[in-house]
Amino acid sequence: MPVQQRREQLIAVALELFAARPPEEVSLDDVAEAAGASRPLVYRYFVGGKQQLYEAALRSAAAELTTRFTVAALPGTPTEQLGAVLRRYFDFVGEHAAGYGALLRGGSVVETARTSAIVDDVRRAALRRTLRHLGVRTAGPRLTLLVRSWISVVEASAISWLDEGRQIPVESLCAWLVDQFVVMAAATAVHDAQTAEVLHRWLELETEDSPAGLLLGRLRDLGL
């Protein structure tokens, strides 16, 4: 097998194992056995051992996750598109449950400044893509804080969803998180002109049957 192809195979196998079990429970022997290779061969490609292999697998997962934030080709209103992106995100979370949970909770024996930096890069990509989805080139401090805070809510919800055995259906969870964004944006708009402008522009594109339209209708039914 060509060198690059073999390396990619080892990363793919390692990613599957790290997705199924916490990283500290996966050994190089496990990776070698699953790949049909020898331990020395794994070391040949990853001289830094398990830590280097884990970081390579994490970068691969991070690159895949980042692609799921793209909304340009998605149909629907802004909140419908946001819901679709969230479903892609939770598909990834479900596929990589153990590795995702261990990484975001912290405390893993294989966690380092480099692995934390990889995760931070994904968060920054999520921030950039969300702001782009909002039609914002340069975000002020309050709008930036709004989006960062919402991303934290999404991460915390994903961890809780996994911990509680995925009891909430993904569609329902994503709909709730879209509503969270709209409500958080409304609260921020009261204090920030830029957020108010962005939210007004978004709502003009919504329909009565879109997530934002349904949310506003339910709030009116509550007398709010």
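Which residue's side chain meets that of Arg87 in a salt bridge? The partner is Glu171, with an N to O separation of 3.5 Å. A salt bridge here is a side-chain nitrogen of Lys or Arg within 4 Å of a carboxyl oxygen of Asp or Glu. This pair links distant parts of the chain, since Arg87 lies in helix α5 (residues 78–95) and Glu171 in helix α9 (residues 170–189), 84 residues apart. Helices (H or I, at least four residues) and strands (E, at least two) are DSSP runs, numbered from the N terminus.

The model is predicted: local features need pLDDT of at least 70, side-chain atom pairs count only at pLDDT 80 or more, and totals for chains, interfaces and linings use all residues. Residues are numbered from 1 along each chain as its sequence is written, and side-chain values use heavy atoms, with hydrogens and water left out.

**Salt bridges**

The structure holds eight salt bridges. Three of them are listed below.

| Pair | N to O distance | Relative accessibility |
|---|---|---|
| Arg39 and Asp29 | 3.1 Å | Arg39 35%, Asp29 43% |
| Arg87 and Glu171 | 3.5 Å | Arg87 28%, Glu171 48% |
| Arg201 and Glu197 | 3.8 Å | Arg201 32%, Glu197 52% |

Buried means under 20% relative accessible area, exposed over 50%, and partly exposed in between (1.4 Å probe, protein chains only).

Arg39 forms its salt bridge with Asp29. Because Arg39 belongs to helix α3 (residues 39–45) and Asp29 to helix α2 (residues 28–35), the pair ties together parts that are 10 residues apart in sequence. Arg201 and Glu197, by contrast, both lie in helix α10 (residues 193–203), four residues apart, so about one helical turn separates them. Elsewhere, salt bridges that share partners join Asp120, Arg123 and Glu155 into one network.

On the α9 side, Phe181, Ala185, Ala186, Thr188 and Ala189 meet Thr195, Ala196, Leu199 and Trp202 of α10, where contact means heavy atoms within 4.5 Å. The residues of this contact divide into seven nonpolar, two polar and no charged. Ala, Val, Leu, Ile, Met, Phe, Trp, Tyr, Cys and Pro count as nonpolar, Asp, Glu, Lys and Arg as charged, and the others, Gly among them, as polar.
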